Amino acid sequence: MPTHAATNRLGLLIAAMALGLASTAHADWRQYRDGADRNAVVSTDLGVPDDRVTRLDTPEGVRATPTVIGRDLLVGNNNTGTLQRIDPRSGKPRWQTQAPNWVHSEMVWSGDTVVVGYGNRYFTSDADPKVTNYARGTGESGVLALDARTGAQRWQFRTLGEVMPTPAIVGHRVYAATGGRAIQVLSLTDGHQVGLIRLGSFVSMSSPAVDDAGRLFAGGGDPYRLFCIDTHDNRIAWIADFPDMLGGVDDVPPAVAEGVVVTSGVYTTADKHVFDHRLFAYDAASGKLLWQADLGTGGPVKNNRSGAPTIANGEVVVGSPTSKQLAAFDLKTGHKRWSLDTGAIKAPPVIHDGRVYATTTKAQLLVVDAASGRLLHQLRLGDQPLAPAGPVLAGRDLIVPSQDHHVYIVPLAYLEQARPTADDTTAAAP
């Protein structure tokens, strides 16, 4: 008799074949950056030229990581709310549709259903924390489900407060963290509400992470907390409080691996113009604080304050927009392995084959030796900040979203030719 897991994998493979995805081992993309460790590495070969950078045009800035579906990309635009499925080989969309508000969420998918959150970061002018409907997000906010083949809307669920974090698909349910101080639990099939988890904190950009045990982790603000939710019964298992935190944990998508969940936040110092950025690691099962580490100090950070971690090979690698450094720590002990001055990094990096690939707010794609922290290569991509959601490695190509209206696809072979001090611009689109 096949196991439940084997049956589920078979179902996903059948769905993938129906979408024409049999050429890839990548069956679905159910949460932010395709996994709780946030290390977005997939085996898909996109089939683009390997001797130059491919530049895909989109209608507006891209702040969310494009997701891989078959050999295509699902891309959402920030202010316009444009949603596209793009063939990276031709640069043309297979379909295009519209969300009612901003899109900071990835377009996650399972089978033939795509799910995306929408909403903006603004508070209403008369917002009062003591009022029941106090929320972050003006205008329409909610979750859309689309047909992966055509882009046609399957359902829409409107929420109190934005859904800028990427929803997570768990089984046949969708978990959407909101600016309404709650997590909505929806049916993947028809979008009906099947649960509501009240947090008491609004979630800004802290996309939920779901580990193999079915535990969901997300950070909230006002008050600042890290939540662990058991998705088997939708109850809050534990909460870590940060009473003196200035911000950050509500923007940080937690990273989880080997039973450890990692997040970060910013604190004030005696000098009110200088801020302290700290990294925290908790036991995923119990919520016990295992260690904390200093990410350095610096001036104030505009908008998203996140230092978003990635976990791979027993290490945490995280950039800081506060101290403008990239650093690596031992996952179990918090011992700092190395740090490197890089400029502001908000996005989680990719770690693969002894390399760390990180993107900066100054439009730089960096290649760093994972063992020593030495800068190996550097490539400038456009003239606007690269997206705070970070790159994806698909086969031998890095997918890098940018706020300059483009998605860049950078072959590793091309990137390895760049010098550490290079200030290159990209080639034109095909």
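In the predicted model, strands β5 and β6 form a hairpin in which four residues lie between the two strands, and Gly-91 in the turn has a positive phi of about 80 degrees. The pairing of β5 with β6 (residues 92–98) is antiparallel and runs over six bridges, with Thr-82 standing opposite Gln-98 in β6. Strand β5 also takes part in a hairpin with β4, here with five residues between the strands and with Gly-81 in the turn at a positive phi of about 70 degrees.

Strand β5 (residues 82–87) is mostly covered, six of its six residues being buried. In a regular strand, side chains alternate between the two faces of the sheet. In β5, Thr-82, Gln-84 and Ile-86 point one way, whereas Leu-83, Arg-85 and Asp-87 point the other way, and all are buried.

Leu-83 of the model is also among the residues with the most contacts inside the largest nonpolar core, a set of 42 residues in which Leu-46, Val-68, Leu-73, Met-107 and Ile-399 are likewise listed. In soluble globular proteins, nonpolar side chains tend to be buried together. When neighbours within four places in sequence are left aside, the contacts of Leu-46 include Val-68, Leu-73 and Ile-399, together with Pro-88, Ala-394 and Ile-409, and they extend to the residues Arg-71, Arg-89 and Asp-397.

For the second largest cavity, the volume is about 30 Å³, and the lining comprises Leu-295, Val-318, Gly-319, Ser-320, Gln-325, Leu-326, Ala-327, Lys-336 and Ser-339. The elements that give two or more residues to this lining are β24 (315–320), β25 (325–330) and β26 (336–341), and by class the lining holds four nonpolar, four polar and one charged residue.

Among the open sites, the second largest pocket has a volume of about 650 Å³. This pocket is lined by 33 residues, and those closest to its centre are Lys-302, Asn-303, Asn-304, Arg-305 and Lys-346. Over the lining of the second largest pocket, 14 residues are nonpolar, nine are polar and 10 are charged.

Terms used
Residues numbered from 1 in each chain as written. Heavy atoms only, no water. Core = buried A, V, L, I, M, F, W, Y, C linked by side-chain atoms within 4.5 Å. Buried < 20%, exposed > 50% of the residue type's maximum accessible area, 1.4 Å probe, protein only. Contact = heavy atoms within 4.5 Å. 1 Å grid on protein atoms, 1.4 Å probe; cavity = no way out; pocket = protein on both sides within 12 Å on 5 of 7 lines; lining within 4 Å. Points joined across faces, edges and corners; volume = space filled by probe spheres on them. Nonpolar A, V, L, I, M, F, W, Y, C, P; charged D, E, K, R; others polar. Pairing = 2+ DSSP bridges.
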